[in-house]
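Here are my notes on this one, jotted down as I went through the coordinates.

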Amino acid sequence: MICVEADGATVYDSRMEDLDLVGLKITTGLNVRGSAEIILPQGHPAYGYFTDYKTNIHIYRDDVRIFRGRVIYSSVNFFGQKTVTCEGELCFLRDTINRPYLWQATPRSCFVTLINAHNAQVADPEKAFEVGDVTVTDPNDWIRLESESAETTLATLNKLIERCGGYITFTDGAVRRINWLSTLDKESNQVVEFGEN
């Protein structure tokens with residue numbers, strides 16, 4: 001079962017014929033923003049639900065969230081079908097600014113400082129994160145990271161990942177948790193076959 005929600009309203013549910021979509025495509029990856037494309041037929045009950053950079057999108061497979069993000073733009077084709085393009089939740093970190101800094105601390109401390117600074121700037125609680133698991137370390141567990149100019153929180157996070165490695169993941173909790181893991185503990189059982197996947 002696949003379910004798509006826009007700001008809590010059901011846009012698509014694979015069990016409901018009156019909410020059929022023309023298409024749905026989700027792209028995810030490690031340390032990338034991810035994206036989703038939702039194509040609605042003209043006359044769909046949720047046709048007018050979407051506002052660029054405001055509407056939050058959640059996509060579930062069998063009650064497990066597989067995508068969380070926001071609408072970035074919509075377009076309508078010649079046949080009246082609306083394509084809603086979304087970006088993943090990692091892009092929420094592009095909305096906040098990290099002022100010039102000089103950090104000399106553990107990777108965990110730098111990560112916590114960065115996420116707390118992001119949370120202090122967001123007005124929408126949907127875009128805030130709680131720091132979850134941080135298993136990334138440095139050989140001496142002490143790094144120096146600096147910038148003489150302001151940059152987005154996402155740009156600073158990318159510097160941390162480039163310096164120390166690891167993977168950004170998200171998990172559900174009272175507040176959405178952001179994790180920085182040195183290794184991933186999940187593996188796929190899917191067999192990859194040329195011309196089949």
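**Notes on packing and cysteines**

1. Keep in mind that this is a predicted model. Its largest nonpolar core has 23 residues, and the ones with the most contacts inside it are Leu93, Phe111, Leu157, Leu160, Ile168, Ile178 and Trp180.

2. Two or more residues of this core come from each of strand 9 (101–105), helix 1, strand 11 (143–147), helix 2 and strand 14 (177–181). Helix 2 is the top contributor, giving five residues. There's also a second, separate core of 16 residues, with Ala6, Ala36, Ala46 and Ile57 among its members.

3. Now the helix pair. Helix 1 (residues 107–121) packs against helix 2 (residues 153–164) at an angle of about 170°, and their axes are 10 Å apart. With angles over 145 degrees counted as roughly antiparallel, that's the label this pair gets.

4. Who makes that contact? From helix 1, it's Pro107, Cys110, Phe111, Leu114 and His118; from helix 2, Thr153, Thr156, Leu157, Leu160 and Cys164. By type, the contact residues split into seven nonpolar, three polar and no charged.

5. On to the cysteines: searching the whole structure turns up zero disulfides. Cys86 is in none, and the nearest cysteine sulfur, in Cys91, sits 11 Å away. Cys86 counts as buried because its relative accessibility is 0%.

6. What about Cys164, buried or exposed? Cys164 is buried, since its relative accessible area is 18% and the cut-off is under 20%. The closest cysteine sulfur to that of Cys164 belongs to Cys110, and the 7.6 Å between them is too far for a bond.

Technical notes
Residues are numbered from 1 along each chain as its sequence is written. This is a predicted model: local features need pLDDT of at least 70, side-chain atom pairs count only at pLDDT 80 or more; totals for chains, interfaces and linings use all residues. Side-chain values use heavy atoms; hydrogens and water are left out. Axes are lines fitted to C-alpha atoms, for helices over the stretch in contact, and angles run from 0 to 180 degrees between N-to-C directions. Helices (H or I, at least four residues) and strands (E, at least two) are DSSP runs, numbered from the N terminus. Angles under 35 degrees count as roughly parallel, over 145 as roughly antiparallel, 65 to 115 as roughly perpendicular and the rest as oblique. Contact means heavy atoms within 4.5 Å. Ala, Val, Leu, Ile, Met, Phe, Trp, Tyr, Cys and Pro count as nonpolar, Asp, Glu, Lys and Arg as charged, and the others, Gly among them, as polar. A nonpolar core is a set of buried Ala, Val, Leu, Ile, Met, Phe, Trp, Tyr and Cys residues joined through side-chain atoms within 4.5 Å. Buried means under 20% relative accessible area, exposed over 50%, partly exposed in between (1.4 Å probe, protein chains only). A disulfide is a pair of cysteine sulfur atoms within 2.5 Å.
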